[in-house]
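Here is my note on the model, as numbered points. Please read it with the structure open.

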Amino acid sequence: MSNEPIALGTALASFDALWSPRIVTRVNDYDVRIAKVQGEHMWHVHADTDEFFLVLDGELHIRLREAGGERTVRLPRGAVFTVPRGTEHKPHAPDGAAILMFEPTGTSTVGDHPAGIPGHIDATTGHALGS
């Protein structure tokens with residue numbers, strides 16, 4: 001990790017892959033990841049951790065399956081939302097978005113029990129910026 005400032009616009013411009021987050025820095029035992037997203041991710045859950053989203057550009061929708069039923073949260077540019085641990089969710093960005101996520105190092109992009117991972121989703125715990 002760099003001990004110099006990181007321009008998020010420059011970092012986002014350094015890769016094109018969708019649904020393939022890059023780790024821009026770490027805070028204690030947490031990764032700060034950025035990603036370009038478009039279309040749909042997959043339903044997944046993180047049993048032991050919350051997942052924080054900040055929309056840097058575009059709009060992100062997150063479908064949630066909660067005790068009261070299913071709902072969709074819409075996040076425009078500049079909005080933040082935390083998916084609570086144990087909540088099944090499915091991010092999607094119909095027109096594309098750039099997002100920042102904050103989650104424990106080693107957290108998988110496809111949740112705790114992935115099955116049937118679509119080919120357009122990178123099942124990873126994050127890539128180093130520049131890779």
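1. Arg71 is partly exposed, at 40% relative accessibility. The classes are these: buried is under 20% relative accessible area, exposed is over 50%, and partly exposed lies in between (1.4 Å probe, protein chains only). Arg71 meets Glu66 in a salt bridge, 2.7 Å from N to O. A salt bridge here is a side-chain nitrogen of Lys or Arg within 4 Å of a carboxyl oxygen of Asp or Glu. Glu66 is partly exposed too, with a relative accessible area of 32%.

2. A word on the basis. This is a predicted model, in which local features need pLDDT of at least 70 and side-chain atom pairs count only at pLDDT 80 or more, while totals for chains, interfaces and linings use all residues. Residues are numbered from 1 along each chain as its sequence is written, and side-chain values use heavy atoms, with hydrogens and water left out.

3. How many salt bridges does the structure hold? The count is 10. One of them joins Lys36 to Asp16, with the closest N and O atoms 3.7 Å apart. This pair links distant parts of the chain, 20 residues apart: Lys36 is in strand 2, and Asp16 is in the loop between helix 1 (8-13) and strand 1 (22-27). Helices (H or I, at least four residues) and strands (E, at least two) are DSSP runs, numbered from the N terminus. Asp16 is exposed, with a relative accessible area of 66%.

4. Glu40 and Lys90 also form a salt bridge, and their closest N and O atoms are 2.7 Å apart. Glu40 lies in strand 2 and Lys90 in strand 7, so the pair ties together parts that are 50 residues apart in sequence. Is each partner buried or exposed? Glu40 is partly exposed, with a relative accessible area of 32%. Lys90 counts as buried, at 13% relative accessibility.

5. There is also a network. Salt bridges link Arg26, Asp31, Arg33 and Glu103.

6. Now the aromatic rings. Rings of Phe, Tyr and Trp (its six-membered ring) pair if their centres lie within 6.5 Å; planes under 30 degrees apart count as stacked, over 60 as edge-to-face and the rest as tilted. By this rule there is one aromatic pair. The ring centres of Tyr30 and Phe102 are 5.0 Å apart and the planes are at 10 degrees, so the pair is stacked. Tyr30 is in strand 2 (residues 30-40) and Phe102 in strand 7 (residues 88-104), so the pair links distant parts of the chain, 72 residues apart. Tyr30 is partly exposed at 34% relative accessibility, and Phe102 is partly exposed with a relative accessible area of 30%.

7. Two arginines sit over rings. The rule asks for NZ of Lys or CZ of Arg within 6 Å of the ring centre and within 35 degrees of the ring normal. The charged end of Arg22 is over the ring of Phe15, 4.6 Å from its centre. Arg65 lies over the face of Trp43, 3.7 Å from the ring centre.

8. On annotation, UniProt places "domain: Cupin type-2" at residues 39-95, in an unreviewed entry. UniProt positions follow the numbering used here, feature names are shortened, and annotations may be inferred rather than shown by experiment. Over residues 39-95 the chain is 0% helix and 63% strand. The end C-alpha atoms of that stretch are 7 Å apart.

9. Last, Thr49. Thr49 sits in the loop between strand 2 and strand 3 (51-58). Thr49 is buried, with a relative accessible area of 13%. Leaving out residues up to four places away in sequence, Thr49 touches Arg85, Pro104 and Thr107 (contact means heavy atoms within 4.5 Å).
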